[in-house]
Amino acid sequence: MLPLPAKPLSVIGPEGQRITRDTLPPANTKRWVIRRKAEVVAAVRGGLLSLEEACDRYALTAEEFQSWQRAIEQHGLPGLRTTRLQDYRPGTLRAPAGRLSGVAG
């Protein structure tokens, strides 16, 4: 039987910084800004945390974590902005702010 590969001690985060278990967002995080979401996704992708560990630690569902991962894959870090979520959902494209659709200007 082959030994399991060791978990890395750190991974590279979304801003190029090293992330360790100690520098991950606190387990009691309530305010999920883009950077924190991206750090958790990077930690899981890099093997620092398993999906199960991340979900347990941050009280996330697998679906919520996977939505963060999909948002990064499809739209980059801006896709994680909750205030702009509707702009990235299929079939819900809105006119740019300050412009009314159907009105000539």
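Figure 1. What you are looking at is a predicted model, with a mean pLDDT of 84 for the protein. Of its residues, 77% reach a pLDDT of 70 or more. One stretch to view with care is residues 98–105, where the pLDDT is below 50. Beyond near neighbours in sequence, residues 98–105 have one contact in the model. The protein has 105 residues, and 27% of them count as buried. Take the contacts between residues at least 6 apart in sequence: 50% of these join residues at least 24 apart.

**Figure 2. A close-up of helix α1.** Our next stop is α1, which covers residues 34–45. This helix has twelve residues, and the distance from its first C-alpha to its last is 16 Å. That is close to the 16 Å expected at 1.5 Å a residue. Which residues of α1 are buried? They are Lys 37, Ala 38, Glu 39, Val 40, Val 41, Ala 42, Ala 43 and Val 44. And what covers these buried residues of α1? The cover includes the strands β1 (11–12) and β2 (18–19), along with the helices α2 (51–58) and α3. Just after α1, look for Gly 47, which takes a positive phi of about 90 degrees.

**Figure 3. Where α1 packs against α3.** Two packed helices are described by the angle between their axes and the distance between the axes. Here, α1 (residues 34–45) and α3 (residues 62–75) pack at an angle of about 95 degrees, and their axes are 10 Å apart. Angles of 65 to 115 degrees count as roughly perpendicular, so α1 and α3 are roughly perpendicular to each other. On the α1 side, the residues that take part are Lys 37, Ala 38, Val 40, Val 41, Val 44 and Arg 45. They meet Phe 65, Trp 68, Gln 69, Ile 72 and Glu 73 of α3. Sorted by class, the contact of α1 with α3 has seven nonpolar, one polar and three charged residues.

**Figure 4. The segment before β1.** This view brings together Pro 5, Ala 6 and Pro 8, which lie in the segment before β1. Start with Pro 5, which is exposed, with a relative accessible area of 73%. Is Ala 6 buried or exposed? Ala 6 counts as exposed, at 73% relative accessibility. Pro 8, in turn, is partly exposed, with a relative accessible area of 30%. Which residues does Pro 8 touch, leaving out those up to four places away in sequence? They are Gly 46, Gly 47 and Leu 48. Pro 8 and Ala 43 are 35 residues apart in sequence, and their C-alpha atoms are 9.7 Å apart in space.

Figure 5. Pro 26 is found in the loop between β2 and α1. This proline is partly exposed, with a relative accessible area of 47%. Although Pro 26 and Arg 57 are 31 residues apart in sequence, they are 8.7 Å apart in space, C-alpha to C-alpha. Where is Ala 59? Ala 59 has its place in the loop between α2 and α3. Its backbone is worth a look: Ala 59 has a positive phi of about 55 degrees, although it is not a glycine. Residues over 50% relative accessible area count as exposed, and Ala 59, at 68% relative accessibility, therefore counts as exposed.

Methods
Residues are numbered from 1 along each chain as its sequence is written. This is a predicted model: local features need pLDDT of at least 70, side-chain atom pairs count only at pLDDT 80 or more; totals for chains, interfaces and linings use all residues. Side-chain values use heavy atoms; hydrogens and water are left out. pLDDT is the predictor's confidence in each residue, from 0 to 100. Contact means heavy atoms within 4.5 Å. Axes are lines fitted to C-alpha atoms, for helices over the stretch in contact, and angles run from 0 to 180 degrees between N-to-C directions. Helices (H or I, at least four residues) and strands (E, at least two) are DSSP runs, numbered from the N terminus. Angles under 35 degrees count as roughly parallel, over 145 as roughly antiparallel, 65 to 115 as roughly perpendicular and the rest as oblique. Ala, Val, Leu, Ile, Met, Phe, Trp, Tyr, Cys and Pro count as nonpolar, Asp, Glu, Lys and Arg as charged, and the others, Gly among them, as polar. The expected span of a helix is 1.5 Å times one less than its number of residues. Buried means under 20% relative accessible area, exposed over 50%, partly exposed in between (1.4 Å probe, protein chains only).
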